[in-house]
Amino acid sequence: MSSSRRHSEDLPYVHKVGVPPKQDLLKEFTDTVKETFFADDPLRPFKDQPRSRQFVLGLQSVFPILEWGRDYNLTKLRGDLIAGFTIASLCIPQDIGYAKLANLAPQYGLYTSFVPPLIYAFMGSSRDIAIGPVAVVSLLIGTMLQDVIDPTENEVEYRRLAFTATFFAGITQATLGFFRLGFLIDFLSHAAIVGFMAGAAITIALQQLKGLLGIKKFTRKTDIISVMHSVWSTVHHGWNWETIVIGLSFLAFLLLAKYIGKKNKKLFWVPAIAPLISVILSTFFVYITHAEKHGVQIVPHIRKGVNPPSLHEIYFTGGYVIKGFKIGVVVGLIALTEAIAIGRTFAAMKGYQLDGNKEMVALGTMNIVGSMTSCYVATGSFSRSAVNNMAGCRTAVSNIVMSCIVLLTLEVITPLFKYTPNAIISSIIISAVLSLIDIQAIVLIWKIDKFDFVACMGALFGVVFASVEIGLLIAISISFIKILLQVTRPRTTILGKLPRTNIYRNIYQYPEAAKVPGILIVRVDSAIYFSNSNYVKERILRWLTDEEEQLKENQLPRIQSLIVEMSPVTEIDTSGIHALEELYKNLQKREVQLNLANPGQVVIDKLHASNFANLIGQDKIFLSVADAVLSYAPKMGDL
């Protein structure tokens with residue numbers, strides 16, 4: 001027996017990389033579509049069911065209340081009643097303030113906490129989310145609408161445009177859910193959202209200085225420079241000391257109540273009812289002292305009665321349709337992002353599944369109906385949802401309870417708000433939005449990812465120093481820049497062999513990992529697309545050049561084999577194949593052999609379809625890096 005044969009027999013068995021069987025083109029296309037849009041397999045419950053059962057399941061899918069309502073009992077009702085009363089006491093004073101942020105009359109905030117929560121209770125899948133107007137959305141819609149129509153000079157046209165924007169916000173949300181395009185909202189990163197929310201909270205708080213200080217003439221701009229100029233320019237003749245005393249006193253009371261609730265979870269009801277108590281006490285104080293005659297500004301008249309129909313007020317023709325559509329899309333996406341984030345948070349806490357697409361349809365439907373019943377954009381409120389959860393809510397019935405109390409308020413109690421000072425509304429809004437500034441999350445972002453921190457700060461400073469729209473644009477832009485950088489500049493690294501193992505790992509992560517003499521092992525940590533294929537090729541060649549220069553300096557043997565570890569390469573396109581061909585040709589000129597290790601199913605299929613596998617040789621594609629090393633230099637396995 002020859003020595004070469006004995007040598008080959010001594011080699012361990014090397015398993016060949018499996019080539020998947022050819023798949024039918026139509027099946028491949030349908031599988032891709034299914035995985036993209038129907039990853040949760042929503043039709044699974046309908047399989048092998050009779051027509052009558054499928055009809056019932058279809059109704060339950062659209063109206064989840066028909067499913068969980070069958071198991072509803074008095075115990076759950078008790079929890080929902082307590083939670084509903086608690087969040088109603090919180091939402092009523094907040095709604096009046098949030099309507100002010102949107103430049104609408106106070107009753108429109110209450111309208112928005114009456115109809116939309118009822119619609120959501122029947123169609124939503126979250127048990128904990130509390131629906132109504134929120135600070136960030138109110139500020140966003142207010143600033144975007146006033147750029148088109150002045151709310152004081154053209155109150156009716158402004159209101160009509162608000163309903164139009166709300167209608168298109170609902171259409172946007174429902175469309176995304178119906179066509180299962182919810183993944184689009186994930187393009188706004190968590191860091192950007194944290195920064196945007198913090199910036200919006202600061203902007204909202206600064207806007208409340210008008211009511212807190214009793215200033216009558218105030219800038220309509222939202223940037224911090226304009227606001228502070230407006231505040232300090234009126235310090236000698238525009239501030240009202242009675243208003244300041246009322247505002248700061250109750251702001252301190254509200255912050256103390258929040259502190260008590262945070263320190264003792266059992267006293268969650270203290271910060272929940274504090275705003276309503278503040279409204280009652282301040283209103284009574286103004287009434288008995290007639291402080292309104294001493295410059296203390298009070299809330300405008302709140303119209304009594306339920307939501308009037310507003311379908312006829314929505315612009316379906318004319319120049320305002322496009323403007324309403326643009327505003328609606330932006331506001332709708334932000335409202336959707338906030339609601340889905342809140343819903344997922346509480347679903348994860350309580351261990352139930354939240355269907356994001358159903359949520360979008362539910363949120364969209366409630367805003368479409370809301371636009372026809374004098375409501376502006378509603379979404380999930382984090383502060384109210386947190387209170388709802390701590391108050392012991394069991395189902396979405398807590399939203400129904402809240403709506404009923406708001407209805408009672410609209411029918412009976414609104415005249416009692418006649419002497420409510422603006423300062424108390426400003427205090428309530430400031431205390432509510434401060435929780436949107438998540439310092440811990442910002443610090444954590446800094447520790448984890450500096451680029452994420454840049455996105456966070458970019459969004460925050462954009463909102464505070466420019467405008468809400470600019471801050472939003474910066475947040476989206478930086479999120480996309482991060483995606484582009486990660487796609488176009490994927491990580492590549494050199495692998496070495498861990499001592500006494502056949503495992504190859506990053507030499508920078510494992511300094512004890514040893515490079516294999518004469519072999520360079522490079523791992524590509526990304527799919528290879530048209531956007532990064534040229535970079536990947538050039539980066540691998542740069543690794544090779546750097547390694548050869550280092551070997552030459554140390555008078556060591558040159559590199560004779562390059563192994564590309566392709567386990568993380570989940571996909572490759574024609575540009576990626578072309579880049580590999582160019583890499584192969586370049587290596588041939590350098591007399592370096594190209595080897596591939598562990599390409600996945602999709603990748604190996606395309607390597608064979610493009611004939612690249614035959615170009616480099618079937619025997620140059622290995623199941624693992626260890627196999628590739630052993631095939632080239634069997635003695636290396638003993639290191």
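Predicted model: local features only at pLDDT ≥ 70, side-chain atom pairs only at ≥ 80, totals over all residues.

Colleague: Is Ser561 buried or exposed?

Modeller: Buried, because its relative accessibility is 0% and anything under 20% counts as buried.

Colleague: What does Ser561 touch, leaving out residues up to four places away in sequence?

Modeller: Its contacts are Gly518, Ile519, Leu520, Val592, Gln593, Asn595 and Tyr632.

Colleague: Remind me, what holds strands of a sheet together?

Modeller: Backbone hydrogen bonds, and the strands can run parallel or antiparallel.

Colleague: So how do E7 and E8 pair, parallel or antiparallel?

Modeller: Parallel, over two bridges, with E7 covering residues 593-597. Ala597 has Phe622 in E8 as its bridge partner.

Colleague: OK, zooming out. How many helices and strands are in the chain?

Modeller: The protein chain has 27 helices and eight strands. Its C-alpha trace spans about 115 × 70 × 55 Å along the principal axes.

Colleague: What share of the residues is buried?

Modeller: 51% of the 639 residues. As for contacts between residues at least 6 apart in sequence, 80% of them join residues at least 24 apart.

Colleague: Switching to holes. How many cavities of 30 Å³ or more are there?

Modeller: Three. The largest cavity holds about 130 Å³ of space.

Colleague: What lines the largest cavity?

Modeller: There are 14 lining residues, and those nearest the centre are Tyr98, Ser381, Phe382, Ser383 and Leu436. The elements giving two or more residues to that lining are helix H8 (135-146), helix H17 (382-390) and helix H19 (422-433).

Colleague: Which of them gives the most?

Modeller: H17, with three residues.

Colleague: And what's the lining like by class?

Modeller: Nine nonpolar residues, three polar and two charged.

Colleague: Is Cys91 buried or exposed?

Modeller: Cys91 is buried, because its relative accessibility is 0%. Cys456 counts as buried too, at 0% relative accessibility.

Colleague: Now some helix positions. Where is Ser398?

Modeller: In helix H18, which runs over residues 397-413. Ser398 is buried, because its relative accessible area is 0%. Apart from residues up to four places away in sequence, Ser398 touches Asp80, Ala83, Gly84, Ile87, Asn388 and Cys393.

Colleague: What about Leu110, which helix has that one?

Modeller: Helix H6, residues 106-112. Leu110 has a relative accessible area of 0%, so it is buried.

Colleague: Which residues does Leu110 touch, again skipping those up to four places away in sequence?

Modeller: Ile92, Asp95, Ile302, Val406, Leu410 and Thr414. For a sense of scale, Leu110 and Thr166 are 56 residues apart along the chain, and their C-alpha atoms are separated by 16 Å.

Colleague: Is Asp48 buried or exposed?

Modeller: Exposed, because its relative accessibility is 81% and the cut-off for exposed is over 50%.

Colleague: And what's the phi of His290?

Modeller: Positive, about 50 degrees, and His290 is not a glycine either. His290 lies in the loop between helix H14 (269-289) and helix H15 (320-350). With 34% relative accessibility, His290 counts as partly exposed.

Conventions
Residues numbered from 1 in each chain as written. Heavy atoms only, no water. 1 Å grid on protein atoms, 1.4 Å probe; cavity = no way out; pocket = protein on both sides within 12 Å on 5 of 7 lines; lining within 4 Å. Points joined across faces, edges and corners; volume = space filled by probe spheres on them. Helix = DSSP H or I, 4+ residues; strand = E, 2+ residues; numbered from the N terminus. Nonpolar A, V, L, I, M, F, W, Y, C, P; charged D, E, K, R; others polar. Buried < 20%, exposed > 50% of the residue type's maximum accessible area, 1.4 Å probe, protein only. Contact = heavy atoms within 4.5 Å. Pairing = 2+ DSSP bridges.
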